[in-house]
Amino acid sequence: MAEERRQPLLVILGPTASGKTRLGVAMAKALQGEVISADSMQMYKRMNIATAKPTVEEMDGIPHHLMDFLEPDQNFSVAEYAALARSCISQVAARGHLPILVGGTGLYINTVVDNITFSQAPSDEAYREQLRCLARKEGVLAVYSQLQQVDPESAAAIHPNNLGRVIRALEVFHTTGITMTEQRRRSRLIPSPYQLSMIGLCCRDRQKLYDRIDRRVDEMVRQGLLEEAEEMLERGLSVTAAQAIGYKELKGYFAGEESLDTALERIRQESRRYAKRQLTWFRRDQRIHWLETDLLGDFEHLLERALSLAAEDGITGGRHEE
């Protein structure tokens, strides 16, 4: 009986450039769903090209939530995202539609689907300033290495340059004696409220994914990436937003210190590294049904397999009440 009461939730995930957006829209059309973004960068306004934010045409009439609601100078936490996402899931379900979580930010996805809660660890500003001082003197990796020692799993989920989150994870351990990883483990003892179907997109041949990434970077440049990056860097970005790949890599080019080709190759390289980190994170989750897009042929075959897997998990779609 408890299984029947759980809220159906479809999750479409995978590395950058794997085709999540297109499949999410197609699944929403087939299953009377609405898309909820699980991308930590697409929530920022005006950060459109670098984040591969779907266009109005790509959304194809399907409602998309948790995009374009933050200013680029605003920081945003995982806990804040999870609270908004859970509320959004409830609202979509209340309309009789299927909530579909689509994105590649693994920490955001797992926090939502596993019902992870975050304890209100007290802050210690003196300790935070001590860590900021260390970062200024010895570099951010000196702080990051401390997190790797005390909480390697959290360190693996946080980019080394995201100093704000690195410091917060260390602060949690410093003030409570309990790592964020252990807090998440304890919170997982509370059952998830969702009936899940998790579908992951990948390529059997990793080089094909990398080729897609390279083509995407070229397309971003054609769409106006340079202009967007220059504007964002001039405006100033929050610690969170500054992690977006496609802006900081162009600083040297804008300063006249290196060629455009060199800067763009750095974007491609960082995107490939990010894809590897995403796959490493997701591969640990045995609930994910993986679809190898390079072996499935055309998109219709991919959609058919995805719908079949969702049905096997009991996800049959929302209900329209108009």
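Trainee: Why is helix α4 called oblique to helix α5?

Mentor: In this predicted model, the axes of α4 (residues 78-94) and α5 (residues 106-113) come within 9 Å and cross at roughly 55°. The axes are lines fitted to C-alpha atoms, for helices over the stretch in contact, and the angles run from 0 to 180 degrees between N-to-C directions. Angles under 35 degrees count as roughly parallel, over 145 as roughly antiparallel, 65 to 115 as roughly perpendicular and the rest as oblique, and therefore α4 is oblique to α5. The elements themselves are DSSP runs numbered from the N terminus, helices being H or I with at least four residues and strands being E with at least two.

Trainee: Is the crossing of α4 and α5 left-handed or right-handed, and which residues of α4 and α5 meet?

Mentor: The crossing in which α4 passes α5 is right-handed, a term for the case where the near helix is turned clockwise from the far one by less than a right angle, anticlockwise being left-handed. Contact means heavy atoms within 4.5 Å, and Val 78, Tyr 81, Ala 82, Ala 85, Arg 86 and Ile 89 in α4 meet Leu 107, Tyr 108, Thr 111 and Val 112 in α5. By class, this contact of α4 with α5 has 8 nonpolar, 1 polar and 1 charged residues, where Ala, Val, Leu, Ile, Met, Phe, Trp, Tyr, Cys and Pro count as nonpolar, Asp, Glu, Lys and Arg as charged, and the others, Gly among them, as polar.

Trainee: In what order do the 6 strands form the open sheet, and what makes β3 and β6 stand at the edges?

Mentor: The order is β3-β2-β4-β1-β5-β6, with parallel pairing, and two strands pair if DSSP finds at least two bridges between them. β3 (64-65) and β6 (288-292) each have a single partner strand, so one side of each is left without a neighbour in the sheet.

Trainee: How do you know that β1 pairs with β5 and also with β4?

Mentor: Strand β1 (residues 7-13) and strand β5 (residues 194-202) pair in the parallel sense over 7 bridges, with Leu 196 in β5 as the bridge partner of Leu 9 and Ile 199 in β5 as that of Ile 12. Helix α5 packs on the sheet, touching β1, β4 (98-103) and β5, and the direction of α5 makes about 160° with that of β5. As for β4, its parallel pairing with β1 runs over 4 bridges, Val 11 standing opposite Leu 101 and Leu 13 opposite Gly 103. Strand β2 (residues 33-37) is joined to β4 by 5 bridges, again running parallel, and Gly 33 has Leu 98 in β4 as its bridge partner.

Trainee: Why is β4 called mostly covered?

Mentor: Buried means under 20% relative accessible area, exposed over 50% and partly exposed in between, with a 1.4 Å probe and protein chains only. In β4, 6 of its 6 residues are buried; Leu 98, Ile 100 and Val 102 point one way, and Pro 99, Leu 101 and Gly 103 the other way. For β1, also mostly covered, 5 of its 7 residues are buried.

Trainee: What makes Ser 154 buried and Ala 79 partly exposed?

Mentor: Ser 154, found in helix α8 (residues 152-157), has a relative accessible area of 1% and is therefore buried. Leaving out residues up to four places away in sequence, Ser 154 touches Leu 147, Met 180, Thr 181 and Arg 184. Ala 79, in helix α4, has a relative accessible area of 34%, and so is partly exposed.

Trainee: Why is Gln 32 counted as partly exposed, and what is its phi?

Mentor: Gln 32 lies in the loop between α2 (20-31) and β2, and at 27% relative accessibility it therefore counts as partly exposed. Its phi is near 55°, a positive value in a residue other than glycine.

Conventions. Residues are numbered from 1 along each chain as its sequence is written. This is a predicted model: local features need pLDDT of at least 70, side-chain atom pairs count only at pLDDT 80 or more; totals for chains, interfaces and linings use all residues. Side-chain values use heavy atoms; hydrogens and water are left out.
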